[in-house]
Amino acid sequence: MPDQVLTNRALEAMVDTSDEWITDRTGIKERRLCGDTKVYEMAARAATAAMTDAGITANEIDAIIAATITPDCYTPSLSCLVQKELGADGAFCFDVNAACSGFTYALDVADSYIKAGKAKTVLIVASEAISRITDYTDRNTCVLFGDGAGAVVACASDTPGMIDCCLGASGAAGEVLRASAFAEDRCVKMNGKEVYKFAVNVNIKVINELLTRSGLAIGDVSRVVPHQANKRIISAVASKLDYDADRIFTNLEKYGNTSSASIPICLDEMNKGGLLRDGDKIILVGFGGGLTYGGALITWRR
Ligand code: UT7
């Protein structure tokens, strides 16, 4: 995470909002901003930490898949910039654009390459500078987003952790969350209520689909790790699924919505905090611009 903190109190001086409104409606208290730090620099730091944690070196990486909607440039891709930083010269590299669902999409692609025998070790990195496409005069959006990066290493194994993935999209509804490639219209514009309804519906749909296909019950799932957008979305999902809200991990109060990076940032915190035990069944679930959604059911392996 970048060091610079933007608190709700600081936002009160920028737009007509209040700490109380933001906290009540979203759960967010503060978020991080990357300033002049590049998206690829955050990505490379997260990737290096993930590789250290996984005990792998750069020359073992067969593929780098980067998820972002805020790359530093159109080309070279974020994944190629990360490759250069790491010296992972044997990897093939490409980016995925599925907005806040980007990590779940990248995970599914990595899993497919590994299952197809085309890669053994895949670095998945999600890095976002949403502050660069945020209009800090628009209170509807500027209170929500933050910057950050997260990464995981996915490896072929005789005891695979990946059980199933489930992806979807609703391009026809894409206009409700939009950021243009053209400079004059690059900031996020959003119909919050429509995104909210979509989010609750697809979170439930994805979780139910993963449970049905695996034959598991929701009570068998140790943790749900959702995209960190709004605590009310998360509570609504927990209540509709009759799932203990305490088992749904959140850190959005500290970081806001970091788009594709939010799920791997959560995984890192949970891992470091000792919240993930070998053999735990975990559901990751995301939604976002596109509109897109996706989830994965995994068994945590150490
Ligand atoms: O990764 C995906 C990204 N997007 C999301 O996840 C967004 C999902 N949607 C949401 O999280 C919620 O819809 C929001 C947090 C964006 C908005 O919450 P809401 O309860 O749906 O509020 P609203 O848009 O219905 O607005 C209610 C009122 C409005 O005032 P009036 O018309 O009732 O007078 C807004 O103008 O709150 C006002 N408002 C604010 N007031 C203070 C909107 N933003 C703010 C604000 N501070 N920052």
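**Close-up views of two pockets**

**View 1. The second largest pocket sits between two domains.** Domain 1 (4–155) and domain 2 (162–299) both contribute residues to its lining, so the second largest pocket lies between them. The model shown is predicted. The volume of this pocket is about 860 Å³.

**View 2. Centre and lining of the second largest pocket.** Ile69, Thr70, Asn97, Ile133 and Ala179 lie nearest the centre. They belong to a lining of 33 residues. Two strands, β4 (92–96) and β8 (177–178), each supply at least two residues of this lining. By class, the lining has 17 nonpolar, ten polar and six charged residues.

**View 3. Centre of the largest pocket.** The largest pocket has a volume of about 1300 Å³. Of its 43 lining residues, Ala151, Val152, Val153, Ala154 and Trp300 are the closest to the centre.

**View 4. Helices and strands around the largest pocket.** The helices α3 (39–54), α5 (102–115) and α10 (262–272) each supply at least two lining residues. The strands β6 (147–155) and β12 (292–299) also each supply at least two. β6 gives the most to the lining, with eight residues.

**View 5. Domains and residue classes in the lining of the largest pocket.** Domain 1 (4–155) provides at least three residues of this lining, and domain 2 (162–299) also provides at least three. By class, 26 lining residues are nonpolar, eight are polar and nine are charged.

Definitions and conventions: Residues are numbered from 1 along each chain as its sequence is written. This is a predicted model: local features need pLDDT of at least 70, side-chain atom pairs count only at pLDDT 80 or more; totals for chains, interfaces and linings use all residues. Side-chain values use heavy atoms; hydrogens and water are left out. On a 1 Å grid over the protein atoms alone, a cavity is a set of points where a 1.4 Å probe fits but cannot get out, and a pocket is an open set with protein on both sides within 12 Å along at least five of seven lines; lining residues have an atom within 4 Å of a point. Grid points are joined across faces, edges and corners, and a volume is the space filled by probe spheres set on the points. Helices (H or I, at least four residues) and strands (E, at least two) are DSSP runs, numbered from the N terminus. Ala, Val, Leu, Ile, Met, Phe, Trp, Tyr, Cys and Pro count as nonpolar, Asp, Glu, Lys and Arg as charged, and the others, Gly among them, as polar. Domain bounds come from an automatic or database domain assignment.
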